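Dear colleague,

I am handing over the structure below, and after it you will find an account of what was found. Please read the account with the structure open beside it.

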Amino acid sequence: MRTEGHRGRTVPGFPGVASRAGETDSTGVIPPQNWAEIVDSGYLRLFHPAEAGGTGADGPAQIDAMEALARACSGTYWSATVSALLCGKLVSTYGDLRHHGGLLRSLLSGERTACFAIVEPTAGSDAATYRTTVRPAGDPDGGFVIRGEKSRITNAPTADLAVALARRQRPAGDDGPDWCLAFVDLHRPGVHRYGTPHMGLRGMPWGGLVLDDVEVDARDVVPVPFDELAEGMTWGWLLVSVAAIATAEAALAASVRHARERVSAGRPLAHMEGVQAQLAESRAQIDAARVLARRAASERMAGRPARQLIGMLKVYATEMAVEVAARAVQIHGAFGVTQGHEVERHYRDAQMNVIGAFASNRLREQIAEGLGLGPAVYRPFDWIASSGLEHRPVGLDGPYRPAATA
């Protein structure tokens, strides 16, 4: 089934995925029917040119299709889009299609799924603390092994391929980049997986990989300067932003339906000024985010730098969606906090998008740097003592006392 999108474009529709969204959330498992519907729709091929096995859709058409799937089921959207868009773009951008064309086509056909293995147990957005390494295996064939642990990774429990960010142990005479992307076959010996329970996006497989000297073919280790890689990672910010817009749109649609149907004090909620103001605010915010998303996508698809635009979009869209979902909960009252209710699910999903891909506060710092302010500089300062937080407040256990004498 296909539906009409932006400016009358025909985009994939996902009625079956939408009908199973509640089940997907409650069970924490994406039904096989969802994957069949996504593959049949051609969604996985939208993000790549024909020569790479895709259909070469333009920016607005891609955004329309992404939003349609995310509105149907956010967890399914994350899993499919991380594999086809984010990991697919990393393979096509930094790999060599003469060697990796078959790998990419398997992602676009749905034969295989991929995860972007970047975050580690002791580090989120601070790449300086990552410890996963790739080193020569010492074999005559010239292969490599990868060792480390990646955690809180979309698709890690189920993926066939990991696009893993790692440090290179460079042999003597190698003055190439310190970082690389390793395309790791997750069915090889030495791969251990685990799942991690999570608040929202419950259908999305999420967890960790322990890579215990897993063999990687030499051509599947691609040295990449970290600054260059950062531009490619903006695809992840874009997919998270669209997920947020879709969640906000779904929460608003549910709120409008409820406001029309629910009668209180002799009139529908929709006739109450306070409710109308909340709905109008949500409508304006969602449309503002959507306009920015279309602009950012068009710039990125055209090959122009869009890091600042997509960074701004990610910050605004994800935090906006939390606000819209919170209003939806308030408009629904007790229904909105009832487990299994549509709005309760949207509220949990919205929270996940804020922390997904890259922390908003770090993105704000990078946006400020783009304004010419330079990087944020840290100088040691005792924030706790100057705030008075080291003292016990007045409470049930008696009057104010310094913590040291308690």
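**What was found**

Helix α10, which covers residues 307-332, has 26 residues and spans 37 Å from its first C-alpha to its last, close to the 38 Å expected at 1.5 Å a residue (the expected span being 1.5 Å times one less than the number of residues). Helices here (H or I, at least four residues) and strands (E, at least two) are DSSP runs, numbered from the N terminus. Just after α10, Gly333 takes a positive phi of about 65 degrees.

Before going further, please note that this is a predicted model, in which local features need pLDDT of at least 70 and side-chain atom pairs count only at pLDDT 80 or more, while totals for chains, interfaces and linings use all residues. Residues are numbered from 1 along each chain as its sequence is written, and side-chain values use heavy atoms, with hydrogens and water left out.

The axes of helix α4 (residues 59-72) and α5 come within 6 Å and cross at roughly 145 degrees (axes are lines fitted to C-alpha atoms, for helices over the stretch in contact, with angles from 0 to 180 degrees between N-to-C directions). The crossing of α4 past α5 is right-handed, that is, the near helix is turned clockwise from the far one by less than a right angle. On the α4 side the contact (heavy atoms within 4.5 Å) is made by Met66, Leu69, Ala70 and Ala72, and on the α5 side by Ser74, Thr76, Tyr77, Ala80, Thr81 and Leu85. By class, this contact has seven nonpolar, three polar and no charged residues, where Ala, Val, Leu, Ile, Met, Phe, Trp, Tyr, Cys and Pro count as nonpolar, Asp, Glu, Lys and Arg as charged, and the others, Gly among them, as polar.

Grid points are joined across faces, edges and corners, and a volume is the space filled by probe spheres set on the points.

The largest pocket has a volume of about 880 Å³ and is lined by 34 residues, of which Ile118, Val119, Gly356, Ala357 and Phe358 lie nearest its centre. Among the elements that give two or more residues to this lining are α5 (74-94), β5 (144-154) and α12 (360-373), while the largest share, four residues, comes from α8. The lining has 24 nonpolar, six polar and four charged residues.

There are two cavities of 30 Å³ or more. The largest cavity holds about 50 Å³ of space, and its lining includes Cys73, Ser74, Arg345 and Asp349; α2 gives the largest share of that lining, three residues. The second largest cavity holds about 30 Å³, and Cys73, Ser74, Arg345 and Asp349 are also among its lining residues, with the largest share, three residues, coming from α11.

With regards

Methods:
On a 1 Å grid over the protein atoms alone, a cavity is a set of points where a 1.4 Å probe fits but cannot get out, and a pocket is an open set with protein on both sides within 12 Å along at least five of seven lines; lining residues have an atom within 4 Å of a point.
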